[in-house]
Amino acid sequence: MYQFESRIRYSELSEDGLLAVPKIVDYFQDCSTFQSEDIGVGLEYLTNQGIAWILSFWQIQILRRPGLNEKVTIGTFPYEFKGFLGMRNFLMKDEQGRMLMQANSIWSLLETTRFRPVKVNPEMIARYPMEERLPMEYAPRKLVMAEGGQRLEPLRVTPDYQDTNHHVNNARYVTIAMNALELMGEKPGITELRIEYKGQAHTGDLIVPVVLKTEAGWQVRLEDEQGSMLIGMHILCS
């Protein structure tokens, strides 16, 4: 397993003094990026090949969110490549080695010019050490989103939300969803986050949050101006 150690910073806290949920996504994303860079198939390699890994699905189970100054270890490993898909687990542990959170993710390898799927090449597969997937309960990749919900004020995408793939970074969508719940006066105790990525937004686009209360927690759809869903989220709460 690829790992790096960190310490929870003040800038990573939410209002309750614990690690903000979008920062969990940042930590996991950074961990996989560090691994790819260290084994020679990182950003420069992908750019030269004209390809990019695009996130299709997140499932993040939160056991406990750490607080300020806590030392944590973040780990990741791929457990399967299939065609143009890569499946990868993540985890975060505290200083005593206790699990704080664990995650499953599915990534699509796409050409950056035509944005079409491309099969993972043998060189990339050979460089990634494969491991058995984590013993967690795995949710379906496709989320069933309910109709209806409260539509909130649209958000205009600014340049700071974009990443090197020239669209809104996957963690920023989580920020938009969390902010939508806050605007509704909700501060849920989140135990699991499931996200299906279906579209992309760019600087200048409008994103419309649509929020619906469910028995398990919340569903959030992030739609474009035409009402097409960019991102679907199931937010499970305690």
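## Before we start

Helices and strands here are DSSP runs, numbered from the N terminus; a helix has at least four residues and a strand at least two. Lining residues of a pocket have an atom within 4 Å of one of its grid points. Please keep in mind that this is a predicted model.

## The largest pocket

Let us begin with the largest pocket, which has a volume of about 1,100 Å³. It is lined by 47 residues, and those closest to its centre are Trp 53, Ile 54, Leu 55, Trp 107 and Asn 165. By class, this lining holds 20 nonpolar, 19 polar and eight charged residues.

Several elements contribute at least two residues each to this lining, among them α1 (21–38), β2 (51–62), β5 (99–111) and α4 (170–183). Which element supplies the largest share of the lining? That is β2, with seven residues.

## Strand β2 and its partners

With β5, β2 pairs in the antiparallel sense over 11 bridges. Here Leu 55 stands opposite Trp 107 of β5, and both residues are listed among the closest to the centre of the largest pocket.

β2 also pairs with β8, again in the antiparallel sense, over five bridges. In this pairing, Gln 61 faces Glu 192 of β8.

## The second largest pocket

Of its 21 lining residues, Ser 14, Glu 15, Arg 65, Met 178 and Glu 182 are the closest to the centre. The lining divides into eight nonpolar, five polar and eight charged residues.

Both α1 and α4 give at least two residues to this lining. The most come from α4, which provides five.

## A closer look at α4

α4 is mostly covered, with 11 of its 14 residues buried. The buried residues include Asn 170, Tyr 173, Ile 176 and Met 178; Met 178 is also one of the residues closest to the centre of the second largest pocket.

At the start of α4, a side-chain oxygen of Asn 169 comes within 3.0 Å of the backbone nitrogen of Ala 171. Just after α4, Gly 185 adopts a positive phi of about 80°.

Conventions:
Residues numbered from 1 in each chain as written. Predicted model: local features only at pLDDT ≥ 70, side-chain atom pairs only at ≥ 80, totals over all residues. Heavy atoms only, no water. 1 Å grid on protein atoms, 1.4 Å probe; cavity = no way out; pocket = protein on both sides within 12 Å on 5 of 7 lines; lining within 4 Å. Points joined across faces, edges and corners; volume = space filled by probe spheres on them. Nonpolar A, V, L, I, M, F, W, Y, C, P; charged D, E, K, R; others polar. Buried < 20%, exposed > 50% of the residue type's maximum accessible area, 1.4 Å probe, protein only. Polar contact = N/O pair within 3.5 Å; in protein donor to acceptor, adjacent residues only side chain to side chain. Pairing = 2+ DSSP bridges.
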